[in-house]
Amino acid sequence: MLVTALTDNSNLLPTIVLLGSFVVPAAFVVWAYAHGTSAEITVPRLFRAFVVGGVLGLLGASVLETYLLHPSPWMYVGVGLIEEAVKLAALIYVALGVRMRTTRDGLVLGATVGFGFAAFESAGYALNALFTVHGLSLWALVETEILRGVLTPVGHGLWTAILGGVLFSASRGRRRFRISWLVVLAWLGVSVLHALWDSMHGIAIAVTLRLTGDAWQYGLIDRGYLPEATSEQGHLIAVLDWGGLFAISLVGLGWLRALARRSPSDDDGESEATSVAPPPLPASVQPPLFGTGAPPRPSNP
């Protein structure tokens, strides 16, 4: 960024966009992989999950949102339902070859899909911030990259990790993935967290106007205009906005922690259930009931 600012070389802008968008998500994928997975969660599979979750997930969500959603107070609910469903479909696709499905592997693979989605989405937001009415704004791009980089670990990666853990837990010991009621409830739950996250700024404005709004502000709202907030209202909006995001993050992290703490016992049960017991010895070579040291007597044919 410093070199770009000093040289005014616009050819370096794609480098800033890519590094700013991909460093944090990729780092968290490496961290999750290093904290324990089975032999089936390989680096090539994680790379494919990152790319599929980013490219196909983002394209699929964009198409569905364009044709299914329209501006309304409930639009962000639709955004959450669509994007979490698309990421769940991408997760199932990249996990088709996984035979022994453990909760921990679901958490890691789901997080990888979510972080891939977040990386490509952040690149799009950074490009939008770059172009302003006054020309190219390097500082707006950097601010967007920093903000989204800080919030990435408690966003898409967290929500899809929860979905992956629940999905793998529900599909343990089965040949195909099972969309149980727990999976559906998890999808609805993370979709609600997603919708609240996206709409938190609007919720903060609505709550602030409800608590401290003046008559002239309500008059502008009745005419279809959004009134400008006073200095005190601006501070309250910021507190409510960031406080809401913090609360949503705590809920998601608590949910993830509960799945992660339950996963060792679940995974041990999976290993015991899938272990193959040695075949019994034939009757002709069964050892004697009492150790006499004598060789076993062959049975009559």
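Let's start inside helix α3, where Arg45, Leu46, Ala49, Phe50, Val52, Gly53, Gly54, Gly57, Ala61 and Glu65 are buried. Keep in mind that this is a predicted model. What covers these buried residues? The cover includes α2 (13–34), α4 (75–94) and α5 (103–130).

Why might one helix have residues pointing to one side? An α-helix has 3.6 residues a turn, so residues three or four places apart point the same way.

Now for the outside. Phe47, Val51, Val55, Leu56 and Leu59 form a nonpolar patch on the surface, and together they have about 460 Å² of accessible area. Val51, one of the patch residues, lies in helix α3 (residues 43–68). Is Val51 buried or partly exposed? Its relative accessibility is 30%, so Val51 counts as partly exposed.

What about the shape of α3? There is a kink of about 25°, centred on Gly57, and Gly57 is also one of the buried residues.

Zooming out, the protein chain has ten helices and two strands, and along the sequence they run α-α-α-α-α-β-β-α-α-α-α-α. Of its 301 residues, 39% are buried. The accessible surface comes to about 17800 Å², with 68% of that belonging to carbon and sulfur atoms. Among contacts with a separation of 6 or more, 76% are between residues 24 or more positions apart.

Terms used. Residues numbered from 1 in each chain as written. Predicted model: local features only at pLDDT ≥ 70, side-chain atom pairs only at ≥ 80, totals over all residues. Heavy atoms only, no water. Helix = DSSP H or I, 4+ residues; strand = E, 2+ residues; numbered from the N terminus. Buried < 20%, exposed > 50% of the residue type's maximum accessible area, 1.4 Å probe, protein only. Contact = heavy atoms within 4.5 Å. Areas by Shrake-Rupley, 256 points an atom, 1.4 Å probe, with all protein chains shown as cover. Patch = residues over 30% accessible without salt bridge, like charges linked within 9 Å, V, L, I, M, F, W, Y side chains within 5 Å. Salt bridge = Lys/Arg side-chain N within 4 Å of Asp/Glu carboxyl O. Bend = angle between axes of the 7 residues up to and from the residue.
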